[in-house]
Amino acid sequence: MKTAPPETGAFFARDRIWHPPALTPGYKTSVLRSPQKALISLEGTTTELTGPVFGHNMLGPTDNDLIVNYARPGEMAIGQRILVHGRVLDERGRGVPGVLVEFWQANAGGRYRHKKETYLAAIDPNFGGVGRTITDDEGGYWFKTIQPGAYPWPNGVNDWRPAHIHFSVFGHGFAQRLITQMYFEGDPMIARCPIVRTIPDPQAIEQLIAPLDWNATVPMDMRAYKFDIVLRGRRSTLFENRKEGN
Ligand SMILES: [Fe+2]
């Protein structure tokens, strides 16, 4: 009799119902990068599991404040000020402390500060668009930023990405890295996005949408959005890069 895989252990098998199929022609680049042959499962090696690891004392004081972390002294990034916060949780809903959480995003106009970026929206000289933090004892994290803009991308004739923030979470070694995206509650662009539309289960999409968190809003300063990241199990966040068998 086939039994369900356990929810504990070093690895957790990818749920093919929860995650998008590798080949989703509506997301054009998936056509070339999806496997053409049967997958082979490879065991993780000790080296991959044990090292190297990041140092916990490497973070700067403004690493979790994207409004100022690339700004000239006394200046700030342009855009709507927001606080993004949440918890990194395991499959049983327990907070995971000491997790390096990294985030990157476009500026308020929807432009990334990257040499390959060609969108005509203006660069904000005071906005770098990257930051990081480490979860606290309860698995909590937070950072300040500006609300990113939507941007067009060369996929179909007229495709746009909804406003989103990219997230990376690290485990105990560099081989344990998961990547996902956060969207914003109420954004009509989400349902139109060809990348979002590769996700088969509406509930999986829902878990990528951060609700406005009115209680955490700072009056006269910034609104707040709450985004919990569940590492695995039935309530797992959808990670874009989870490899087969990992
Ligand atoms: Fe993006």
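How much of the chain is helix and how much is strand over residues 84-112, and how far apart are the end C-alpha atoms? The chain there is 0% helix and 38% strand, and its end C-alpha atoms are 19 Å apart. Helices (H or I, at least four residues) and strands (E, at least two) are DSSP runs, numbered from the N terminus. An unreviewed UniProt entry places the feature "domain: Intradiol ring-cleavage dioxygenases" at residues 84-112. UniProt positions follow the numbering used here, feature names are shortened, and annotations may be inferred rather than shown by experiment.

This is a predicted model: local features need pLDDT of at least 70, side-chain atom pairs count only at pLDDT 80 or more, and totals for chains, interfaces and linings use all residues. Residues are numbered from 1 along each chain as its sequence is written.

Five strands form an open sheet in the order 3-2-7-8-9, with mixed pairing. Its edges are strand 3 (130-134) and strand 9 (209-210), each pairing on one side only. Two strands pair if DSSP finds at least two bridges between them. Strands of a sheet pair through backbone hydrogen bonds, either parallel or antiparallel.

Take strand 2, residues 100-104. Five bridges link strand 2 to strand 3 in the antiparallel sense. Leu 100 stands opposite Ile 134 of strand 3. Strand 2 also runs antiparallel to strand 7 (residues 164-170), joined by four bridges. Phe 103 shows both pairings. Its bridge partner in strand 3 is Gly 131, and its partner in strand 7 is Phe 167.

Glu 91 sits in the loop between strand 1 (81-89) and strand 2. Is Glu 91 buried, exposed or partly exposed? Glu 91 counts as partly exposed because it has 16 C-beta neighbours inside 10 Å. A residue is buried if 20 or more other C-beta atoms lie within 10 Å of its own, exposed if 12 or fewer, and partly exposed in between; C-beta atoms are placed from the backbone. The C-alpha atoms of Glu 91 and Val 230 are separated by 6.6 Å, though these residues are 139 apart along the chain.

Finally, Leu 208. This residue lies in the loop between helix 3 (202-206) and strand 9. Leu 208 has 19 C-beta neighbours inside 10 Å, so it counts as partly exposed. Leaving aside neighbours within four places in sequence, Leu 208 is in contact (C-beta atoms, placed from the backbone, within 7 Å) with Thr 180, Gln 181, Met 182, Tyr 183 and Leu 238.

How values were computed. Two residues are in contact if their C-beta atoms, placed from the backbone, lie within 7 Å.
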